[in-house]
Amino acid sequence: MTKWVLKGLRTGIVTTAYPGRDETAGGVSPGRPAGGLPFDAGSSIDVERCPTRALIRDGQCLRVDYRRCVHCFRCAPGREGSTQWQDGYEWAARLNDRRYEDLSPGGVFRRSLHIRVVDAGACGACLSEIEQLNKPYYNIHRLGFFLTPTPREADVLLVAGPVTDHMRMALKKAYEAMPTPKRVVAVGACALCGGVFGPSFISGGGASDIVPVDVAVPGCPPPPLALIHGLLATVGRKPSASWPSTALESGGKENV
Amino acid sequence: MENSMDETTFQSLPDAAAKRWPGQVQVNLDVRRSICLLTCGGSLLRDICEWVCSTSGYRFATLAVEEEASQWLLRYVFYGQSGIGQLHILLRTPKEDVAIPSISGVIHAADWHERETEDLFGLTFTGHPRLGDFVLHEEWPEDVKPMRSGFDARLPYRRRELDPEWRPQSIVQAPGAFMMPIGPVYSDVAESAHFLLETVGEDVIRTIRRFFYKYRGVEKISEGCPVDQVILLSERFSGTSAFAHSLAFCQAVEEIAGVDAPPRAKALRIVLAELERLRCHIAAIAGICGSTALSVATSQAGILEEEALRITGAFTGHRYLFGLNRPGGLTRDFNNSTCRGLADDAARLIERLCKLNDMLRFTSSFLDRIEEVGVISREQAIAYGLVGPIARASGLARDLRRALPYCGYETVDFDVPVETEGDGYARLRVLFREAEQSAAIIRKMATALPDGEIAGPFECAAGAALGWVEAPRGAAFHWVRITESGAVGRYRLTTPSFTNWHGFHLAAEHFAFQDFPIIMATFGLSNAESDR
């Protein structure tokens, strides 16, 4: 067994510096279209081409509804499009600020946080990214975050997938089994708006139809750093990302 | 049964069939595509299926049902070792005649296909012992069949509550017998699926699986959508094998349109497909280490998995290879020096993976947990038509890259690793050896890419074709029909996870409770891929 101990020691620490410092390694995020740029001839083609209607014309401005963006790259320069893409991963947004009164120092979510993941029809990529959180490169234990097998111990419910009909009750029961106060984080385009699957005869249009969503982590899938940002934003340790006004007005419930 | 047929018998199949059933079967050979089309009536179906499997070495791939104006068209697809191509057995039956003879008595691999068809289309398979709720759970009304053409997939269907007290009948009658429920929400990060393990104490006697919690109706919601929309679904229904499935879909669409991807696109598709296989296998290895609670090994494999994701992300822009395939080629080119860099990265990754393998091989506490656990015999693997690393660990050298070469794999030199024990350790060894092969293929292809276009002109045409790939978890078949209006008319997805979950109970039964998560990990299957 000593060989494993030595192997572990020899490997050293690989964990990301985020949230202390920004992560600069390549391939940690797919990036996404930059919103708020001037609308031009190329933009109108890209808006037309966007398969999930994430790109929106807002007067002379190009807006991006990040809940819908599935990183298909069709608007990306170097593919067919001309919309500027930006790197980064601090994408998570708090949807409902009324529920954040207990984030003051000493508030209930300032200490260690237990997280229950519910797969409500996710494709596997979101879940794979959530799994990375427990592995050395991201290691969320250092931040006081722990994945727990039971909702009865959980403070935060992480929901991925569009919420299929067959998972509706399981999701509801998992949420109800959690002690209060509790938070729900919707992970990925599917959980935010149904993604490419819903709403349909068998799948819903996201988690907010079933449980109240507090924090949205957009992406398809959101990279692990975006998930960490989402968890930190949930507990008030990082500021929420700005969110397109259309999404705020509809409370994240508007569907295609 | 395996390796028992060569090209001449493929050519002689029409004569042999005509001699055996004179005037009752109609056989056409499509030599260019190596497809033998055999049309027969329902009364002969069972005999013919049995005959082609027992004497000609064909094995069942998929059942694709299509609803036409006045009739049902059932297409039973078989494939074989390199050289015998595909065999499509076609059965046409009038719309009102919904009773089809079941073939699962002679070809057990068709069992779940028939159950799914019965549940979603409302066709009854006479002689099948276990029809009923399968994809759609108990709360779904029996008379509503969502795959039928009259059903509107885009409208939310009226919702019914699930019965929380649902329990299948217990068959173990013994003092102290009980049923252990697992799921649908269980473990730390596990895909939603429900298992009921019947036991009298330590050993799992019977495994009852209830799947399709993640059924998103991908086959149904694809219908009527344009190809560029369906490709998003083909990538995203199973995010961990996105490239493989989008490749299968693109190949089917290209076949319909009569378009061949340019050589450079084909070579890059092989590079990307192998990169995905490499990442997927490392993730499966990390899962196996994690299931045995060997924490340093889990961390080491986790490091390699994240590095594979980062290499993929830095190379293609997306960590899971989304947005790369398109009908006619790829959406972007890669410059040759970046590709050589990828080959080096993959080589470094595999070197460290081999070191991990060397340490695991001599860790007795680890081997104790996976050796002689979850055994699947060669005969069982044949009967259930298992595919991918699981079949190859049970002595079946089944690999579509060899059996039905696509995308230029016929020119690539690589080994198909085979183990014979069929236990968890054999499956792990196959994963390690295949990962090595993938890195070697990446090196060969990425350092000698042909020049030229990355995508040719592509115009959608009407028609139907089968696309297939050897996905990381095994053989995937995509049957695609494009209508005159350029929309997808039928999209039948057969995935390796669906095929292999069918045989999962063989491995899980008669082993102890505590082996269950390990057996699951050595299978490394995806419910998203299976449920669709």
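Hello everyone. Some housekeeping: residues are numbered from 1 along each chain as its sequence is written, while chains are lettered from A and ligands numbered from 1 in the order in which they are written. As the model is predicted, local features need pLDDT of at least 70, side-chain atom pairs count only at pLDDT 80 or more, and totals for chains, interfaces and linings use all residues.

Let's start where the chains meet. On the chain B side, 60 residues are in contact with 54 residues of chain A, contact being C-beta atoms, placed from the backbone, within 7 Å. Two elements of chain B give two or more residues to that side, helix H5 (227–236) and helix H8 (295–316). Helices here are DSSP runs of H or I with at least four residues, and strands are E runs of at least two, numbered from the N terminus. H8(B) gives the most, with 13 residues. By class, the chain B side has 29 nonpolar, 18 polar and 13 charged residues. Nonpolar covers Ala, Val, Leu, Ile, Met, Phe, Trp, Tyr, Cys and Pro, charged covers Asp, Glu, Lys and Arg, and the others, Gly among them, are polar.

Let's stay with H8(B). Its packing partner is helix H9 of chain B (residues 336–361), with the axes 11 Å apart and an angle of about 170 degrees. Axes are lines fitted to C-alpha atoms, for helices over the stretch in contact, and angles run from 0 to 180 degrees between N-to-C directions. H8(B) and H9(B) are therefore roughly antiparallel, a label for angles over 145 degrees. Among the contact residues are B:Leu304 and B:Ile311 of H8(B), and B:Leu349 and B:Leu356 of H9(B). The contact has 11 nonpolar, two polar and three charged residues.

Now for the domains of chain B. The assignment, automatic or from a database, gives domain 1 (7–126), domain 2 (178–210) and domain 3 (218–323 + 338–453 + 463–531). Taken over C-alpha atoms, the centres of domains 1 and 3 of chain B are separated by 27 Å. Between them, 16 residues of domain 1 are in contact with 15 residues of domain 3. Strand S3 (59–67) of chain B is one of the elements giving two or more residues to the domain 1 side, and S3(B) has the largest share, six residues.

Next, a sheet in chain B. It is open, with three strands in the order S8-S9-S10 and antiparallel pairing; strands pair if DSSP finds at least two bridges between them. Strands S8 (178–182) and S10 (204–210) of chain B each have a single partner strand, so one side of each lacks a neighbour in the sheet. The twist averages 20 degrees from one strand to the next. Six bridges join S9(B) (residues 194–199) to S10(B), and B:Leu196 has B:Ile208 as its bridge partner.

Chain A has an open sheet too, of six strands ordered S6-S11-S10-S9-S7-S8 with mixed pairing. Its edge strands are S6 (93–94) and S8 (145–147) of chain A. Five bridges join S7(A) (residues 113–119) to S9(A) (residues 156–160), which run parallel; A:Val118 is partnered with A:Val159.

One last question: where is B:Pro457? B:Pro457 sits in the loop between helix H14 (424–446) and strand S13 (463–471) of chain B. Thank you all!

Key: Contact = placed C-beta atoms within 7 Å. Parallel < 35°, antiparallel > 145°, perpendicular 65-115°, else oblique.
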